[in-house]
Amino acid sequence: MKVVGFAGFSGSGKTTLVERLIPALRRRGLRVSVVKHAHHHFDIDHAGKDTYRHREAGAFEVVVASSKRLALMREFEQAAQLTVHQLIAELYEGVDWVLVEGFKDSDLLKVEVWRAQARQPARYMDDDFIVAIATDSPDQLPHPTLRPVLDLNDAEALADWLVAHQDRFNYCLEDMA
């Protein structure tokens, strides 16, 4: 499996870029998974549904599946901060690419998503794990860089770049355990 992170401040366009990159990679015959960091309490379940009732009754895990999808919900007894590597380990091993949104401080190779309009600092000067910058304002980057500068609005070109450099993004779960 190949793993690449997308890091940037809120409002930089990470989600939109990942959303466009998924079908671009799928058109190349690749299976894609996503790991997304959620900062706030979130729930995918709804009050009154069987799975919600099972969790409320105290189940540690509830797996619900149909012929089209599977969802696993796990309730932690105490607050837990899982690492990106622990989350990747939960994924199906037969995936070709894992796109990681968030986890900007991780040790994964990352593409920084940066917009001058967002008025947030760039991170590429201080993060050796940033291997490229996706931006809509390359002429306004705060510091010169030898890293590839990619068009934030061209997911096809980014998919081409990732596939051309795919060996850099090899990920071995055993090495991270």
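## About the model

Residues are numbered from 1 along each chain as its sequence is written, and side-chain values use heavy atoms, with hydrogens and water left out. Because this is a predicted model, local features need pLDDT of at least 70 and side-chain atom pairs count only at pLDDT 80 or more, while totals for chains, interfaces and linings use all residues.

## Overall layout

The protein chain holds five helices and eight strands. Here helices (H or I, at least four residues) and strands (E, at least two) are DSSP runs, numbered from the N terminus. In sequence order they give the pattern β-α-β-α-β-β-α-β-β-β-β-α-α.

Of the 177 residues, 38% count as buried. Buried means under 20% relative accessible area, exposed means over 50%, and partly exposed lies in between (1.4 Å probe, protein chains only). Among contacts with a separation of 6 or more, 52% come from residues 24 or more positions apart; a contact means heavy atoms within 4.5 Å.

Two strands count as paired if DSSP finds at least two bridges between them. S1 pairs in the parallel sense with strand S5 (residues 97-101) over five bridges, and there valine 4 has leucine 99 as its bridge partner. S1 also pairs in the parallel sense with strand S6 (residues 110-114), over three bridges; in S6, lysine 110 stands opposite glycine 5.

## The nonpolar cores

In soluble globular proteins, nonpolar side chains tend to be buried together. A nonpolar core here is a set of buried Ala, Val, Leu, Ile, Met, Phe, Trp, Tyr and Cys residues joined through side-chain atoms within 4.5 Å. The largest one has 23 residues, and Phe6 and Trp161 have the most contacts inside it. S1, helix H1 (14-26), S5, S6, strand S7 (130-135) and helix H4 (155-164) each supply at least two residues of this core, with H1 giving the most, five residues. Apart from this core lies another, of 11 residues, among them Val3, Val84, Ile88 and Val95.

Which residues does phenylalanine 6 contact, leaving aside its neighbours within four places in sequence? Its contacts include Leu17, Val18 and Leu21, along with Leu99, Val111, Val113 and Leu158.

## Pocket and cavity

Rolling a probe the size of a water molecule over the atoms shows where empty space is left. On a 1 Å grid over the protein atoms alone, a cavity is a set of points where a 1.4 Å probe fits but cannot get out, and a pocket is an open set with protein on both sides within 12 Å along at least five of seven lines; lining residues have an atom within 4 Å of a point. Grid points are joined across faces, edges and corners, and a volume is the space filled by probe spheres set on the points.

The largest pocket has about 1,600 Å³ of space. Its lining has 30 residues, of which Phe42, Leu72, Phe76, Leu82 and Leu87 are the closest to its centre. Strand S4 (70-74) is one of the elements that supply at least two lining residues, and S4 gives the most, five. The largest cavity holds about 40 Å³, and its lining includes Gly8, Phe9, Trp114 and Arg115.

## Residues worth a look

Threonine 135 lies in strand S7 and is buried, with a relative accessible area of 2%. Leaving aside its neighbours within four places in sequence, threonine 135 touches Trp114, Arg115, Val149, Leu150, Asp151 and Leu152.

Most residues other than glycine have a negative phi. Phenylalanine 103, in the loop between S5 and S6, has a positive phi of about 50° and is buried at 15% relative accessible area. Arginine 119, in the loop between S6 and S7, has a positive phi of about 55° and counts as exposed at 74% relative accessibility.
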